[in-house]
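Welcome! Please take a look at the sequence and the 3D view below, and then we can walk through two places together.

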Amino acid sequence: MPGEDSIIEWATGLTIAGAAGLTAWAAVSPWSELFGPVLRRADSPGSIPLTFDDGPNPAITPALLDLLERNGARGTFFMIGRHVRANPQLAAEVLARGHAIGNHTDTHPNLIWLSPARIREELTRCQDAIGEATGLAPRWMRPPYGFRGPQLAPVLRKGGWTGMALGTRAMFDWKPQPPDKMIRRMARARGGEILLMHDGDPFIERADRSHVLRALERWLPRWAEAGMTFPTIDELKGPALVMAAS
């Protein structure tokens, strides 16, 4: 039989492994609130919030705005600060046409590895870029890749943000692909889910997101005919979303 020391060592190893696994899950899962409350679903099963990351992108965002308007839909655009500075008129047009804008950091880093000071700089530079282009101070942020650590929530509290908005269903659309793949993937969307899509790329100017447009051309009219609504993130309600100041 193993000795007492071996049993203690084995149990300690399991505890450490379990804690590491929990931390890793909490850092990436939209369902985890270990590192702060998150907005991850719509409050109504009759709605499908449409969200778009990594823009604005002059190669696709204007056509996407036209498509949304034709179908009476609005979206939430989580913008990257450096793309806003490169395309301020397009960022302003997104807001002018009735859509919401969120903060997606200035350069799209993995926030898990950044200090609170660097996270604050990323968010502030993006916030300033959006403010200069649109006059808006976004209430919500979305962490790049959905990754966050324990240092993010305190920065949001002190900075006055409402919180983190994640997605229920990712469309896995961040690289060019045949539109049919995305059309089939989008067929699995259900009411109450926040769809996470991309109209841009963090590192590529004028990125190809035509597959996103083609899939939405297929599904937006069908969802609208089924009675679905398309609220922005700013219109959603949920428990424990507003973080108390510390």
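## A residue in helix H4

Let us start with Val94, which has its place in helix H4, residues 88-96. Keep in mind as you look around that this is a predicted model.

Is Val94 buried or exposed? Val94 is buried, because its relative accessible area is 0% and buried means under 20%.

## What surrounds Val94

Leaving aside residues up to four places away in sequence, Val94 touches Thr61, Leu65, Phe77, Met79, His99 and Ile101.

Now move along to strand S8, which covers residues 195-198. Leu195 and Met197 point one way from this strand, while Leu196 and His198 point the other way. All four of these residues are buried.

Which strands pair with S8? One of them is strand S2, residues 50-55, which pairs with S8 in the parallel sense over 4 bridges. Here Thr51 stands opposite Leu196. Strand S7, residues 169-170, also pairs with S8 in the parallel sense, over 2 bridges. In this pairing, Ala170 stands opposite Leu196.

## From S7 to S8

How does the chain get from S7 to S8? The path goes through helix H7, residues 179-186. This β-α-β crossover is right-handed.

Notes
Residues are numbered from 1 along each chain as its sequence is written. This is a predicted model: local features need pLDDT of at least 70, side-chain atom pairs count only at pLDDT 80 or more; totals for chains, interfaces and linings use all residues. Side-chain values use heavy atoms; hydrogens and water are left out. Buried means under 20% relative accessible area, exposed over 50%, partly exposed in between (1.4 Å probe, protein chains only). Two strands pair if DSSP finds at least two bridges between them. A crossover is right-handed if, with the strands pointing away from the viewer, the path from the first strand over the helix to the second runs clockwise. Contact means heavy atoms within 4.5 Å.
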